[in-house]
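Please read the numbered points alongside the structure shown here.

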Amino acid sequence: MPLTFPAPVERDRPDEGKLRLADTIRAVAEGDRNAFALLYADYVRMVHAILLGRVPRRDVDDLVQDVFIAAYTRLRELREPAAFGGWLATIARNRATDYLRQSREHVALPVELPGGDPIEAETMAVLDIVSKLPEAYRETLLMRLVEGMTGAEIAERSGLTPASVRVNLHRGMKLLRENLQAVPDHHGGERTSSSVGQNQS
Amino acid sequence: MNNDYLWDGSGTPDPDVQRLEALLGRLRSIPPVPQLPETPVRWRSVRYLTPMLAAAAAIIVMIGVAWQSTRGSASWEVASIAGQPRIGSTALAGTGRIAVGQTLVTDAVSRARMQVSSIGSVTIEPGTRVRLVETRDAHHQLALDRGTLHAVISAPPGQFVVDTPSARATDLGCAYMLHVDEDGSGMLSVTSGWVAFEFNGREAFVPAGASCRTHPQLGPGTPRYDDARQEYREALDEFDFGDPARRPDALRVILGDRSNADAVTLWHLISRVDAADRAAIVNALVDQLPMPAGVTREAVLRLDRLALDRWWSELGLGDADWWRKWKAEYPAAR
């Protein structure tokens, strides 16, 4: 099923209706919770994708909230509003690293096993393969394939140049196809790129 | 248009990308916007602080912290009792704090205790997920998604509230246990004082020694004392949540068991039975608790709120007037 990309929605920004990112961040820093909600809506998919490629799925939602609370409380550290996306991504990566370290130190987390649903199993198997890609490819592909962001949106949110995003998408997709082909499917056969997701009804 | 499907979905669709979108798109999730802590944030201003100003700010912060500690801060202290509960995604070892918007989760072997500002404590049992919704002067609120908590509150009524998927429990000066199943149904058991249990206008007042079930679509059932016979409790469950066609049979069991049909249960049933059955319930309650002066049988039969509340107050369990006033000030946030 092809993914559709909705047209950008014109939303009311605080005060003047359409503040730029810097104004939104300044409003958040001054305690404007509506501005925070707008910032959250704009960046939550990027943070979700970064975390999904690093930590068990069951904890991703909680960690997303942790990341945004941390960003809110540390906003004073941000010197350049235009760098917000990259700065937030760094917080997300660091939070994931802390989480994994704490998990090793404190809790023997059970292995994340898919249930009996074959589509669920297929989904988790592909996610596992994507999660083993190099970071730049992994994050960009998850933003595109999981979160439904366009290349332009990925560039705008992450702070990468559009050219870098395009390279990450195409090289990442090429590597993903190769890795998927190398992994046996659930029936013991070798998976082909054209068999990806074919368990779906 | 880039004619590059992988870039923006335009141009000729790539079947592999389409399949991956459909498969991995199942993992998409947008968690709700977190509740922000009360921490004041001042962007960039720190850069321009002189050392003197910094010192002044530090003093102000210390005064602020001291002031916050006397009026209740936006977080609670949490101590691990067993295992390793998690606050958000962080494993709790020893003690920590839970901020507004954060979630405490216990696994099958872990337990924790929350300090509810300065008014009491809540023990979180294994297999529980609970979120701190709000904490400020005279109003502290949790959301219990699943699992079990025990609350012990020493404060004026109404300061401590727990939302569940099927009812809101409002402390009226009490100690109680609240449990929520995976399907959102639940059970409230009160050991001291009384608790108001409410969902979409359906109310139950649960005194010490009594319990009340709740259902996701229907809200609180009818309170009953814990020492009632099993058959009586089952009849009440049938009446509250069972097949409507079996309600008359259930009501016959309830009314026929005068040794178990207590005044608290009967008072609740007045407004829950059909009009044709109401007189029988009123008669049964009159046998146990005479109507106070000024309350008439006619007023009760037409479910006059003031008359019902005055009759409730005769039970000596708490004044219903207070609850009405509180509800007007803190309507359910559903």
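The points below take up each chain, selected local features and the contact between the chains.

1. The structure is a predicted model. Chain A has eight helices and zero strands, and the pattern read along its sequence is α-α-α-α-α-α-α-α. Chain A comprises 201 residues, of which 40% count as buried. Among contacts in chain A with a separation of 6 or more, 61% are made by residues 24 or more positions apart.

2. Make-up of chain B. Chain B contains ten helices and 18 strands. Of the 334 residues in chain B, 36% are buried. For contacts in chain B with a separation of 6 or more, residues 24 or more positions apart account for 38%.

3. Helices α1 and α2 of chain A. The axes of α1(A), residues 21-29, and α2(A), residues 33-52, come within 7 Å of each other and cross at roughly 130°. The pair is therefore classed as oblique. The crossing in which α1(A) passes α2(A) is left-handed. On the α1(A) side, the contact is made by A:Thr24, A:Ala27 and A:Val28; these meet A:Ala35, A:Phe36, A:Leu38 and A:Leu39 of α2(A). By class, the residues of this contact are six nonpolar, one polar and no charged.

4. The setting of A:Gly172. Is A:Gly172 buried or exposed? A:Gly172 counts as buried because it has 23 C-beta neighbours inside 10 Å, where the cut-off for burial is 20 or more. The residue lies in helix α8 of chain A, which spans residues 162-182. When neighbours within four places in sequence are left aside, A:Gly172 is in contact with A:Leu133, A:Tyr137, A:Thr140 and A:Leu141. For one of these, A:Tyr137, the C-alpha to C-alpha distance from A:Gly172 is 4.7 Å, with a sequence separation of 35 residues.

5. Contact between the chains. How many residues does each chain bring to the contact? Chain A contributes 55 residues and chain B contributes 39 residues. On the side of chain B that touches chain A, at least two residues come from each of α1 (5-8), α2 (15-24) and β3 (90-91) of chain B. The largest share of that side, nine residues, is supplied by α2(B). The side of chain B that touches chain A divides into 21 nonpolar, eleven polar and seven charged residues.

6. Helix α2(B) is largely enclosed by the rest of the structure, because seven of its ten residues are buried. The buried residues are B:Asp16, B:Val17, B:Arg19, B:Leu20, B:Glu21, B:Leu23 and B:Leu24. These buried residues of α2(B) pack against α5 (118-131), α6 (135-145) and α8 of chain A, and also against α1 of chain B. Helix α8 of chain A, one of these packing partners, is also the helix that holds A:Gly172.

7. Strand β6 of chain B and its partners. In β6(B), residues 111-116, the side chains alternate between two faces. Strand β1(B), residues 75-82, is joined to β6(B) by four bridges, and the two run antiparallel. Strand β7(B), residues 120-124, is joined to β6(B) by five bridges, again in an antiparallel arrangement. B:Arg113 of β6(B) stands opposite B:Ala79, and B:Thr123 is its bridge partner in β7(B). The hairpin of β6(B) and β7(B) has three residues between the strands, and B:Ser117 takes a positive phi near 45° in this hairpin.

8. The setting of B:Ala279. How does B:Ala279 count by its C-beta neighbours inside 10 Å? With 14 such neighbours, B:Ala279 is classed as partly exposed. B:Ala279 belongs to helix α7 of chain B, residues 275-288. B:Ala279 and B:Arg297 are separated by 18 residues in sequence and by 8.8 Å in space, C-alpha to C-alpha.

Note on methods. Residues numbered from 1 in each chain as written. Chains lettered and ligands numbered in written order. Predicted model: local features only at pLDDT ≥ 70, side-chain atom pairs only at ≥ 80, totals over all residues. Contact = placed C-beta atoms within 7 Å. Nonpolar A, V, L, I, M, F, W, Y, C, P; charged D, E, K, R; others polar. Buried ≥ 20, exposed ≤ 12 C-beta atoms within 10 Å, placed from the backbone. Axes fitted to C-alpha atoms, helices over the stretch in contact; angles between N-to-C directions. Parallel < 35°, antiparallel > 145°, perpendicular 65-115°, else oblique. Left-handed = near helix turned anticlockwise from the far one by under 90°. Pairing = 2+ DSSP bridges.
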